[in-house]
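Visitor: I'd like a close look at a single part of this molecule, with the cut-offs spelled out as you go. Could you guide me once it is on screen?

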Amino acid sequence: MSRKPTRPPLPKGSPDWLAAGMGHIWLPYTQMAVEDPPLAVVGAEGVRIRLADGRELLDGMASWWTACHGYNHPRITAAIRDQAERLSHVMFGGLAHEPALALARRLAHIAPGDLAHVFFSDSGSVAVEVALKMALQYWVNRGERGRARFLCFAHGYHGDTFGAMAVSDAEHGFHRVFADALAANLTVDLPRDKPSLAAYRETLDSQGDTIAGVIVEPLVQGAGGMLFHDAQVLGLVVAEAQSRGIPVIADEVFTGFGRLGHLLASDAAGVVPDILCLSKALTGGALGLGATIARPHIFEAFSGPDLAAAFMHGPTFMANPIACAAANASLDLFDSEPRVAQAARMEGLLEAGLHPCRSLPGVLDVRTMGALGVVELDDLPFERLIALRRAFIEGGLWVRPFGRIVYVTPALVMEESDVEHLCNGVCLGLRGN
Ligand SMILES: *Cc1c(COP(=O)(O)O)cnc(C)c1O
């Protein structure tokens, strides 16, 4: 019988609720037997997180890239409060409400080209599941059987549910443990050079008639390692698939809403994917919401007299009115404030601030795009990862490295002096560890 591991002790002065609840909570992607317990948070405002012990951390993560206007933005909070007093939720089957329909119209307006038909869900993973099912049923409705696979890219990450895991890179990614249970899709390298472009074309030519769609994260592969590609590569991915009639799914769950210095990353390449997935910063980071947006030729393949041609999906909390109200308030802020320009401007600040890391031992690469700054190390063993995380917290920063990557994705509104402070702290932490 294995001994029950003793969990690391909570820091002195931890609130009672933390001590009482830790025996019952199960944390994400965490080896709870050895990793430090979570920090107790009592509030967050702007770009700062307030801890129960009175400390404040400058936030370099925007909570997994969601809080693009900073935490607790008064306009979003007011929209949530107002909506909650009128209608918290109502089922979306057979009933509709203004927050969702107004948001659908606005998302269609900001999405590239003729992307126009919005299906709501409650998270990024489910937005991806919905996109995959749309592509699969699109072919079935057109009477073409045998298109049951997706083409996806090495180092891709599309979420933690089964369909999303199956189009993520199991070999390099987080999901290796589940590999045997995942649908078999085709994984190829992004077409960055002649050989990889030839391989991509060859796969589309030889197996294209078994492929329901191609799924890609435009410009930056996020959780798969913060790997960049340029607009030309994205243009090739999209053009090669679309010229063969294969729908392209753009997963902009990470890249959407200004993060890379464009409202959407697809805009940077001038491409119009057939299906677009949004989530994360969609509500300004306040609530979970996903949106999957399709072009008319996809949508129209589902409409007609055949009842069985209707799209077969419907999450219980889809189009939650409070989440939609938060998203509408967030879009108001994108309209009324220079958010995308702020993100574009941050690239220079991050580049200047992180540049000194380039000369540190063990640093392979420093790269920035919009409001994303990445320091890639040649190796980050577990002990050093834990030490780095601690060092950042002790330095008053919330930065959480993963894999071999130390990255910052600040709120797009972070002021210049805070960006400098954040970058200095990252360099200092890496130098000391
Ligand atoms: C985070 C992420 C997802 C999954 O979103 P969840 O809301 O965590 O389910 C999917 N795709 C990309 C690109 C992401 O960054």
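Which residues does V375 touch, not counting residues up to four places away in sequence?

Guide: Happy to, and a word on conventions comes before the contacts. This is a predicted model, in which local features need pLDDT of at least 70 and side-chain atom pairs count only at pLDDT 80 or more, while totals for chains, interfaces and linings use all residues. Residues are numbered from 1 along each chain as its sequence is written, and side-chain values use heavy atoms, with hydrogens and water left out.

Now to your residue. Leaving aside residues up to four places away in sequence, V375 touches L354, C357, V363, D365, V366, R404, I405, V406, V426 and L430; contact here means heavy atoms within 4.5 Å.

A nonpolar core is a set of buried Ala, Val, Leu, Ile, Met, Phe, Trp, Tyr and Cys residues joined through side-chain atoms within 4.5 Å. The largest such core has 82 residues, and those touching the most other members are L107, F120, I249, V375, V406 and L430. Helix α5, residues 124-141, gives the most to this core, with ten residues; helices (H or I, at least four residues) and strands (E, at least two) are DSSP runs numbered from the N terminus. There is also a second, separate core of 35 residues, which includes F153, I211, V220 and F228. As background, nonpolar side chains tend to be buried together in soluble globular proteins.

R345 forms a salt bridge with E416, the closest N and O atoms being 3.6 Å apart; a salt bridge is a side-chain nitrogen of Lys or Arg within 4 Å of a carboxyl oxygen of Asp or Glu. E416 is partly exposed at 37% relative accessible area, and R345 counts as partly exposed at 48%. The side chains of R358 and E351 meet in another salt bridge, at 2.9 Å from N to O. R358 is partly exposed at 34%, and E351 is partly exposed at 28%.

R295 and D274 meet through their side chains in a salt bridge of 3.2 Å, N to O. R295 lies in the loop between β12 (290-294) and α10 (296-300), and D274 in the loop between α9 (265-269) and β11 (275-278), 21 residues apart. R295 is buried because its relative accessible area is 17%, and D274 counts as buried because its value is 4%. Over the whole structure a search finds 20 salt bridges, and R201, D205, E240 and R244 are linked in a network of them.

T283 is buried, with a relative accessible area of 0%. A polar atom of its side chain lies 3.2 Å from the backbone nitrogen of A286, and one lies 2.7 Å from the backbone oxygen of L287. These are polar contacts, that is, pairs of N or O atoms within 3.5 Å; within protein, one must be able to donate a hydrogen and the other to accept it, and residues adjacent in sequence count only if both atoms are side-chain atoms. Beyond residues up to four places away in sequence, T283 touches I76, L289, A323, A326, A327 and S330. Among them, L289 lies in the loop between β11 and β12 as well, and L289 is buried at 2% relative accessible area. The C-alpha atoms of L289 and V126 are separated by 9.4 Å, although the two are 163 residues apart along the chain.

How values were computed:
Buried < 20%, exposed > 50% of the residue type's maximum accessible area, 1.4 Å probe, protein only.
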